[in-house]
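Colleague: I have a model open and would like to learn how to read it. Please take me through the features one at a time.

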Amino acid sequence: MYSLKMLMRIALVVAASFARGAEPPAAGAADEVLARGTYLVTVAGCNDCHTPMKMTAEGPKPDMDRMLSGHPESLVMTPAPKPEGPWLMTAAITNTAFAGPWGVSFTANLTPDRETGLGKWTVRNFSETIRTGRHLGRGREILPPMPIPMYKNFTDSDLAAIFTYLKSIPAVKNRVPEPRPPAPALASAGS
Amino acid sequence: MRRIAHPLLLSAIVALCAPVLLRAADLPTLPQHLRDTGLYADASMSQLREGVLAFSPQYPLWSDGAVKHRWIYLPPGTSIDASRPDAWDFPRGTKLWKEFRHGRAIETRFIERAANGEWRFASYVWTADGQDALLAPAGGIREIPAAEAPGARYAIPAEDDCRACHEGAPVPVLGFSALQLSSDRDPLAPHAEAGAAAMDLRSLVARGALKNLPSELLAHPPRIEAANPEERAALGYLHGNCGNCHNDDGPLAVLEMTLAQRVGSASPDSVLRSVVDVRSDFRGAGGVARVAPGHPGASVLALRMRSREPLQQMPPLGTAAVDTEAMSLIARWIESLPNQTERTN
């Protein structure tokens, strides 16, 4: 049998847990969320594909002036060479466009630009996109090589932290092209 | 004192914890057989259970030509609260079914409002002999043979697919609403079934299934006040097929394009304002404007509805065949729209 003291303690813990969900995060907590988002975007490799690479004397490096702004709209992509032998995928020099059996995918502008990036998106839009692997959670499928099967396992709080960070970075106006469907020959090569 | 305090305190704790205790994981598992969901009177599945009502929305969703039957069940003594005429509040225990037929019954989809208020979605796949229908996996089935379906194939949606469409609207029940059940039915609506049209607002109110419906909607059943009958049918089709996602209060409000009609505001102006001569952000279909008056071939809305290329098609889910009858209607409507000069003169 529970003692009265123990039951009161349980009631207080339950009540406190509900209260926590209702209150906005304090300033310190908001900093922690931003720091967590910064960390996750860094180690999850978002910049590898969403920040265009530029060639330097030391080899390709991310162009941080265009951080996370996706495939540059100014870079016109010619038809990709057909992969041969065990090769499956072709990547652009910027590492922001990828041709494969799915067609051609271009990495998205993740900056908070309102017209070409995530500026109008809500955290729900972002979370549902990652969770479902569909644009805005209900549109076309997100294409490879975006690691949706792995990223869909992010917790809600991790996704919210990532979105908080993405909303905090400089907006870059860059309208990424629509993905291209597979050419019939390429599709059959990949099937 | 101590003996009295314990039960009271326990009650308080239980009340506090109730939303937590009744999480989805704690709900009863979904029945493995359709016959156990409450649709039929007995295991023979030859007769509907008492209290199950057939209905038919006036602007049905296109499902590649499948013949569909729909039913709803409300627990005894409960009713739908229609205080918000565009977002009805369904009682806990509400169940809805939709049967899809291509020659034979292939699938029955099931929506249930659980005891904790959450909505659950499931699909049951009929055996070829029509004797049983079994719960489909949550991931759906990419393809099952269906001789009379387009391409002789049929896809069972994943639970996520169900949620993608149904959770884009204020209420996840899409075909059972004030506009869809208006007695002022649209005679030009594509694919409308007349069989269950008797289930309308007035009959729902009469049987006590619908409460707090604004009296104005009984006196003047809702209709889309369009410029002409063809526009009314076109906007109704867009409402029934696209408005569940493309509305101004769901997650896709960020697109600033609404194709949903509101019975509270009788004019379709908000829809027209959001599409006619509005630049499309989608540049993969060949058009520039969402709807270019007079030019369906330059209207992204029509081009994407006519496409079944997976990166372009609209709707993105639930259809593999173009609705040619509806596309003719949409094309005629766009052709009839006055251009900007004509509209301002």
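**Helix packing, then strands**

Modeller: Start with a helix pair. Helix α4 (residues 123–132) of chain A packs on helix α6 (residues 156–168) of chain A at an angle of about 120 degrees, and their axes are 10 Å apart. That angle makes α4(A) oblique to α6(A). This is a predicted model: local features need pLDDT of at least 70, side-chain atom pairs count only at pLDDT 80 or more, and totals for chains, interfaces and linings use all residues. Residues are numbered from 1 along each chain as its sequence is written, while chains are lettered from A and ligands numbered from 1 in the order in which they are written.

Colleague: What counts as a helix or a strand, and how are the angles and axes defined?

Modeller: Both elements are DSSP runs, numbered from the N terminus: helices are H or I with at least four residues, strands are E with at least two. Axes are lines fitted to C-alpha atoms, for helices over the stretch in contact, and angles run from 0 to 180 degrees between N-to-C directions. Under 35 degrees is roughly parallel, over 145 roughly antiparallel, 65 to 115 roughly perpendicular, and the rest oblique.

Colleague: Which residues of α4(A) and α6(A) meet?

Modeller: Contact means that the C-beta atoms of two residues, placed from the backbone, lie within 7 Å. From α4(A) come A:Val123, A:Phe126, A:Ser127 and A:Ile130; they meet A:Asp156, A:Leu159, A:Ala160 and A:Phe163 of α6(A). By type, the residues of this contact are six nonpolar, one polar and one charged. Here Ala, Val, Leu, Ile, Met, Phe, Trp, Tyr, Cys and Pro count as nonpolar, Asp, Glu, Lys and Arg as charged, and the others, Gly among them, as polar.

Colleague: At what angle do α2(A) and α6(A) cross?

Modeller: Helix α2 (residues 27–43) of chain A and α6(A) cross at roughly 90 degrees, and their axes come within 7 Å. That makes α2(A) roughly perpendicular to α6(A). The contact holds seven nonpolar, four polar and two charged residues. Among them are A:Val33, A:Leu34 and A:Arg36 in α2(A), and A:Asp158, A:Ala161 and A:Ile162 in α6(A).

Colleague: Now the strands. How do strands of a sheet pair?

Modeller: Strands of a sheet pair through backbone hydrogen bonds, either parallel or antiparallel. Two strands count as paired if DSSP finds at least two bridges between them. In chain A, three strands form an open sheet in the order β3-β4-β5, with antiparallel pairing. β3 (90–91) and β5 (103–106) of chain A stand at the edges with a single partner strand each, so one side of each is left without a neighbour in the sheet.

Colleague: How many bridges join β3(A) to β4(A)?

Modeller: Two bridges join β3(A) to β4 (residues 97–100) of chain A. A:Ala91 has A:Phe98 as its bridge partner in β4(A). The two strands form a hairpin with five residues between them, and A:Asn95 in the turn has a positive phi of about 60 degrees. On to the next pair: β4(A) and β5(A) are antiparallel over four bridges. Two residues separate β4(A) and β5(A) in their hairpin, and A:Ala99 stands opposite A:Val104 in β5(A).

Colleague: Are the faces of β4(A) buried or exposed?

Modeller: In a regular strand the side chains alternate between the two faces of the sheet. A residue is buried if 20 or more other C-beta atoms lie within 10 Å of its own, exposed if 12 or fewer, and partly exposed in between; C-beta atoms are placed from the backbone. Both faces of β4(A) are covered: A:Ala97 and A:Ala99 are buried on one side, A:Phe98 and A:Gly100 on the other. Of the 191 residues of chain A, 29% count as buried.

Colleague: What pairs with β1(A)?

Modeller: β1 (residues 53–56) of chain A pairs with β2 (residues 59–62) of chain A, antiparallel over four bridges. A:Thr56 has A:Gly59 as its bridge partner.

Colleague: What is the strand order of the open sheet in chain B?

Modeller: Six strands run in the order β1-β2-β4-β5-β6-β7, with antiparallel pairing. β1 (53–55) and β7 (133–135) of chain B are the edge strands. The twist averages 25 degrees from one strand to the next. Inside the sheet order, β2 (residues 67–73) and β4 (residues 95–102) of chain B pair over seven bridges. B:Trp71 stands opposite B:Trp97 in β4(B).

Colleague: Where do the buried residues of α2(B) pack?

Modeller: They pack against α4 of chain A together with β6 (119–126) of chain B. The buried residues of helix α2 (residues 159–166) of chain B include B:Cys162 and B:Cys165.
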